[in-house]
Amino acid sequence: MNAPRLDIDLGKIHHNAQHLVELLGKKGIAVTGVTKVCMGSPVIANTLLHAGVGGLGDSRVENLRLMKQQGVSASKILIRSPMISQADKVVRYADVSFNTELEVVSALSESARNAGRQHGVVLMVELGDLREGILPVDVESIMASVLQMPNIRLAGIGTNLACRSGVIPDAKNMAELSLLTSNLEATFGYKLDFISGGNSANLDWVYNTGAPGRVNDLRLGEAIFLGREPLHRQALPGLYTTAITLVAEVIESKIKPSMPIGKLAQSAFGAKSAHVDKGPVIQSIVAIGCQDIDPAGLRAPQGIRILDASSDHLILGSDRRLKIGSEISFQVDYSALLRAMTSPFVCNVFVNKQSHRFQLPPVAA
Ligand SMILES: *Cc1c(COP(=O)(O)O)cnc(C)c1O
């Protein structure tokens with residue numbers, strides 16, 4: 001089989017998505033399936049929809065376009081603030097976009113009018129993680145302007161935590177979002193339909209909160225694909241952590257000294273390797289490298305250790321020689337998965353398509 005590759009188990013992805021949809025559904029929260037880590041793969045998008053997600057979110061207009069062109073029928077949200085230079089495309093390929101700048105919403109309004117469409121806007125609020133978001137004190141005046149803009153429908157508000165700074169979504173910041181929602185609704189006499197409280201890092205808060213207040217949507221990627229929450233990278237109960245594995249092929253396996261021979265300067269990626277003299281050791285190479293994965297985000301199978309990586313070589317240590325041509329499977333974290341999906345040298349192989357008892361809708365060529 002082709003290597004390197006990602007073995008993508010659609011049955012496990014379906015299970016994870018369905019489990020989360022049911023669990024959050026009990027609290028009145030819908031799931032937006034976030035497809036950016038799989039480059040908007042239509043096969044995966046359809047799997048998420050079949051599992052019951054309410055809509056799809058992606059950070060790249062190009063991925064939303066791919067889904068639209070391949071006939072994925074769902075509400076599509078651009079979850080990164082649009083580039084103003086892409087306003088026409090945003091209106092064409094996204095039903096809704098997350099926004100923080102009035103100039104951008106104004107450009108979307110103009111594009112939507114030219115295209116004879118309505119475009120939905122969600123205002124993102126800064127609640128402390130210091131990535132995207134309007135400061136809470138400024139939301140009211142921005143909302144007032146957005147409500148005036150032709151061909152724009154204010155769909156709701158949202159926030160994003162735990163991404164840049166690792167701020168934990170908790171009772172306090174989530175209550176702040178709920179209060180803001182109710183205050184804005186009272187001020188403008190306008191119902192905000194979509195209150196998007198965050199990402200997979202919000203699950204701990206959901207599991208431990210009685211009532212989620214006004215929050216009625218979460219945008220989930222990591223929890224669905226990797227079965228983990230991003231705050232401490234703990235496995236989530238009831239979910240598979242093995243839905244996606246990375247497979248690479250052994251191209252060398254030899255006994256070599258554990259210490260380099262000669263004077264040492266920088267290696268290919270600048271860092272000095274940490275060598276410990278253990279005498280001769282078995283060292284193997286699999287054909288994958290920093291161009292394809294984040295080596296720090298891989299977990300090797302039992303008995304194999306990751307020693308180093310350069311652009312195209314991943315160096316492994318093991319107690320037994322690895323057979324040339326054999327395949328090694330690694331668990332991936334979000335960062336390794338993102339890079340592997342994006343590398344043109346790593347192919348995707350979908351496995352276990354039937355296990356969830358549905359036929360994948362045909363994907364147009
Ligand atoms: C990537 C992203 C998500 C999904 O995050 P996960 O931790 O993978 O669930 C949600 N919201 C925004 C704005 C994002 O950029």
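The legends below describe close-up views of a predicted model.

**Figure 1. The two domains.**
The domain assignment divides the protein into domain 1, residues 10-226, and domain 2, residues 244-351. The centres of domain 1 and domain 2, taken over C-alpha atoms, are separated by 37 Å. Where the two domains touch, 13 residues come from domain 1 and 10 residues from domain 2.

**Figure 2. Helix α2 and its surroundings.**
The buried residues are Pro42, Val43, Ile44, Ala45, Asn46, Thr47 and Leu48. After α2 comes Gly52, which has a positive phi near 110 degrees.

**Figure 3. Helix α1 against helix α2.**
Helix α1 spans residues 10-25, and its axis comes within 8 Å of the axis of α2. The two axes cross at roughly 40 degrees. An angle between 35 and 65 degrees is neither roughly parallel nor roughly perpendicular, and α1 and α2 are therefore oblique to each other. The crossing of α1 past α2 is right-handed. On the α1 side, the contact is made by Leu10, Ile13, His14 and Ala17. On the α2 side, the residues are Val43, Ile44, Thr47, Leu48 and His50. Of the residues in this contact, 6 are nonpolar, 3 are polar and none is charged. Among the contact residues of α2, Val43, Ile44, Thr47 and Leu48 are also buried.

**Figure 4. Helix α6 against helix α7.**
Helix α6 (residues 136-148) packs on helix α7 (residues 171-188) with the axes 11 Å apart. The angle between α6 and α7 is about 40 degrees, and these helices are therefore oblique to each other. The crossing of α6 past α7 is right-handed. From α6, the residues Pro136, Val139, Glu140, Met143, Ala144 and Leu147 take part. They meet Glu176, Leu180, Leu184, Thr187 and Phe188 of α7. This contact holds 8 nonpolar residues, 1 polar residue and 2 charged residues. As a general rule, an α-helix has 3.6 residues a turn, so residues three or four places apart point the same way.

Lys191 sits in the loop that joins α7 to strand β8, residues 194-196. Its relative accessibility is 53%, so Lys191 counts as exposed. Beyond its neighbours within four places in sequence, Lys191 is in contact with Glu185 and Arg214. Lys191 and Ala155 are 36 residues apart along the chain, and their C-alpha atoms are separated by 8.8 Å.

Ser85 belongs to the loop between strand β4 (76-78) and helix α4 (87-93). With a relative accessible area of 64%, Ser85 is exposed. Pro136 is 51 residues away from Ser85 in sequence, and the distance between their C-alpha atoms is 27 Å. Pro136 is also one of the α6 residues that meet α7.

**Figure 5. Thr245, in strand β10.**
Thr245 is part of strand β10, which runs over residues 244-257. Thr245 has a relative accessibility of 18% and therefore counts as buried. Leaving out residues up to four places away in sequence, Thr245 touches Arg5, Leu6, Asp7 and Phe330.

Most residues other than glycine have a negative phi, and most peptide bonds are trans. The peptide bond from Ala3 to Pro4 is cis, with omega near -5 degrees. Pro4 lies in the segment before strand β1, residues 5-9. Met39 is not a glycine, yet its phi is positive, about 50 degrees. Met39 is placed in the loop between strand β2 (30-34) and helix α2. At 38% relative accessibility, Met39 counts as partly exposed. Ala162 is another residue other than glycine with a positive phi, here near 70 degrees. The loop that holds Ala162 lies between strand β7 (152-159) and helix α7. Ala162 has a relative accessibility of 19%, and the cut-off for buried is under 20%, so Ala162 counts as buried.

Key: Residues numbered from 1 in each chain as written. Predicted model: local features only at pLDDT ≥ 70, side-chain atom pairs only at ≥ 80, totals over all residues. Heavy atoms only, no water. Buried < 20%, exposed > 50% of the residue type's maximum accessible area, 1.4 Å probe, protein only. Helix = DSSP H or I, 4+ residues; strand = E, 2+ residues; numbered from the N terminus. Axes fitted to C-alpha atoms, helices over the stretch in contact; angles between N-to-C directions. Parallel < 35°, antiparallel > 145°, perpendicular 65-115°, else oblique. Left-handed = near helix turned anticlockwise from the far one by under 90°. Contact = heavy atoms within 4.5 Å. Nonpolar A, V, L, I, M, F, W, Y, C, P; charged D, E, K, R; others polar. Domains from an automatic or database assignment.
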